Number of protein chains: 2
Amino acid sequence: MANLKQLAQSLGLSITTVSRALDGYADVSAATRERVREAADKVGYRPNASARRLRRQRAELVAVTLPSDPGHIGPPHFLDMLSGCAEHLAAAGLNLVIAPVPRCESELDICRRFVDGRRVDAMLLVRTKRKDERVEFLQSRGIPFVTNGRTESLLPHPYIDGDGFAGFRAATLRFHAAGHRRIGHIAGPQEYYFAHDRCRGWRAAMEECGLATDLCAEGAPLEQGGYLAALELLRQPSRPTALVCATDEMAIGALRALREVDGGNQISIVGHDDLPMGAFTSPPLSTMRMTGENLGASFASLLLRAIAGEPAEELQELHAIEFVDRDSHRRPAKAA
Amino acid sequence: MANLKQLAQSLGLSITTVSRALDGYADVSAATRERVREAADKVGYRPNASARRLRRQRAELVAVTLPSDPGHIGPPHFLDMLSGCAEHLAAAGLNLVIAPVPRCESELDICRRFVDGRRVDAMLLVRTKRKDERVEFLQSRGIPFVTNGRTESLLPHPYIDGDGFAGFRAATLRFHAAGHRRIGHIAGPQEYYFAHDRCRGWRAAMEECGLATDLCAEGAPLEQGGYLAALELLRQPSRPTALVCATDEMAIGALRALREVDGGNQISIVGHDDLPMGAFTSPPLSTMRMTGENLGASFASLLLRAIAGEPAEELQELHAIEFVDRDSHRRPAKAA
DNA sequence: AAGATTCTCCAAAACGTTTTGGGAGTCAAG
DNA sequence: CTTGACTCCCAAAACGTTTTGGAGAATCTT
């Protein structure tokens, strides 16, 4: 309700003094400072955010772009992550705005709007592509940002990512150790870094074991994509006995395909993301997930450090992937 | 990069004219308007958001508060809803900021911070309680807001809600028509409007049918809460043969309880929310969901109309609840 | 030809902060 | 008495827009 001028007037002080008193500067006597603070408390004074932002040349805002394709938004914990991130940003006086991408615009347009209108101090990018134009743009503008997922950008940039390569390699080797020899991969769209990374992990393991890498099918990172890709692999003359799937959603689609095919329930399968519903599929879906707790806080911390100017190299977190042992990966190797 | 002053200087025009040209006022000649627009396009001029907000006395922001208790954030479609809402708000020049509530603060504190700092033009409230202090506060401040869920506030306020009363009444009657007589209710915390509303619906149906309303147990709106509440009902001397659960999460907990009890798999059950994982439980969980598509757009529209000053009475949407027929509600009435 | 009207444009005043660059006092030291 | 240091305060200048209230020139009316 009240602004600085009114508050100052009612106290018989100058705007300057009131402002500095509230900010705790030392050049205001302790007595006045206390008097000002009490008065401010009493009238419930809060500085006008827009005015402060204008003067300070800070937006006090961070934006996160949300891909609008339904189902592309990421696992359910995504909202928890955002919530955690926003909470930690708020402690530093920053708010998190969500910026969904309308169908008619590109993610780049959104970035441009936010950056060039000086609406944000930093950005959070999700679902990075190997070659991500948003990253290039933000780098060229010199605006701080953190990505959820790596890219193949030449310049380093801050990110948090799971080590999909290692995770999928390990999962594949696990199948190999269990006696599987025909291990298929259901891959996500390869322009996404995570999908490519996971595919590489599977491929590396296969090559290490001296196995052919032709049992690979790509699909949209959705239930339907996994379903179609699985059908494709099941049509092969020599079927896979195990499937490593890029995401849980695809794995669930693959499970549906397996149910429709003779002996499909004898095929092992593993996904990635640890979707809650995976616990209820039949068989319960073994999966993988990124380690680390309170990811949101990590993102917030990286963002704040990026804003503070820390070099990108020090703001990169690669998290190990852990295996979540349910049941779907335990089918015998020799069946099918 | 550029601001109005520089742009004006480079064109040999005044700031005023450039500003008005870009806003399309009629008092700049079509020729100059075009010239200005081209120049602005070329240098990629975007008005500084903070400056505009200060001058216009609008924050161009809407905040949504997220309860921080994990699991309380609502069904997975919640993020889709937010995303849709943000998208439609963006079309009107408003951005959506998410405001999670840290453990040490109340939702009211958050509202206060946003409202008194003039950080937002409106607020979106979720998980309303029957007596909701946030609603009272916002009403007293006269700031526009829309709630997801009704309240028992005396003054009307804009909301979108599902007709839980009718939905739960209908579901209960459906069980009655199928021959069930001992129909239990697993209720959510009654301080929440939705939980109370659904409970009333069950109770009304029971009374209409002349049945006792003692088979009711309350729990936290989580899997564990449903599990414990179900165990409580199953301990009764005469067990329910059907369960109407306030939420799917609770229903899934109840399913776990049923599995642990002899003959539990003969008990019918229905939930509410249409969680994706409900399709994978065994048996697949019959459920209910609010009708209406693109809820986010509806919220955005109500928010905009509230900001425009439309009276609250015209900004209330009560959506019907539809039944989602899977399998879990089809157990015979005479078993158990 | 004088007055009214219309077209274009602009100077200056906001909006509410934060920050710069002092300006009065007071006190102690030189 | 002067000087310097220190304490406490303040006027004024930003920050970049939008909007108000004209001003000057051209065109139309009478």
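How far does a polar side-chain atom of Arg55(A) lie from a base nitrogen of DNA strand D?

Guide: The distance from the polar side-chain atom of Arg55(A) to the base nitrogen of DNA strand D is 2.8 Å, which is a polar contact (a pair of N or O atoms within 3.5 Å). This is a predicted model, in which local features need pLDDT of at least 70 and side-chain atom pairs count only at pLDDT 80 or more, while totals for chains, interfaces and linings use all residues. Residues are numbered from 1 along each chain as its sequence is written, chains are lettered from A and ligands numbered from 1 in the order written, and side-chain values use heavy atoms, without hydrogens and water.

Let us stay with DNA strand D. Among the 25 residues around it, Thr16(A), Thr17(A), Thr32(A), Leu4(B) and Arg55(B) come nearest; a residue counts here if one of its heavy atoms lies within 4 Å. Sugar or phosphate accounts for 61% of the atoms of DNA strand D within 4 Å of the protein, and bases for the rest. For Tyr45(B), an N or O atom in the side chain is 3.0 Å from a sugar or linking oxygen of DNA strand D. Helix 2 of chain B gives the largest share of the surface near DNA strand D, four residues. Helices here are DSSP runs of H or I with at least four residues, and strands are runs of E with at least two, numbered from the N terminus.

We now turn to DNA strand C. Of the 25 residues around it, Leu4(A), Arg55(A), Thr16(B), Thr17(B) and Thr32(B) come nearest. Of its atoms within 4 Å of the protein, 57% belong to sugar or phosphate, and the rest to bases. Phosphate oxygens of DNA strand C are 2.9 Å from a polar backbone atom of Ser14(B) and 2.8 Å from an N or O atom in the side chain of Thr17(B). A base nitrogen of DNA strand C is 3.1 Å from an N or O atom in the side chain of Asp27(B). Two or more residues each come to this surface from helix 2 (15-23) and helix 4 (49-56) of chain A, and from helix 2 (15-23) and helix 4 (49-56) of chain B. Helix 2 of chain A gives the most, with four residues.

The UniProt record, an unreviewed entry, annotates residues 2-56 of chain A as "domain: HTH lacI-type"; such annotations may be inferred rather than shown by experiment. In the model this span is 71% helix and 0% strand, and its end C-alpha atoms lie 20 Å apart.

Finally, consider how the two chains are related. A rotation of 180 degrees with 0.1 Å of shift along its axis superposes chain A on chain B, with an RMSD of 0.1 Å (by least squares on C-alpha atoms of residues with pLDDT of at least 70 in both). That is the relation of a two-fold axis. Of the interface residues of chain A, 100% are also interface residues in chain B, so the copies meet through the same surface; contact means heavy atoms within 4.5 Å.

Conventions: A polar contact is a pair of N or O atoms within 3.5 Å; within protein, one must be able to donate a hydrogen and the other to accept it, and residues adjacent in sequence count only if both atoms are side-chain atoms.
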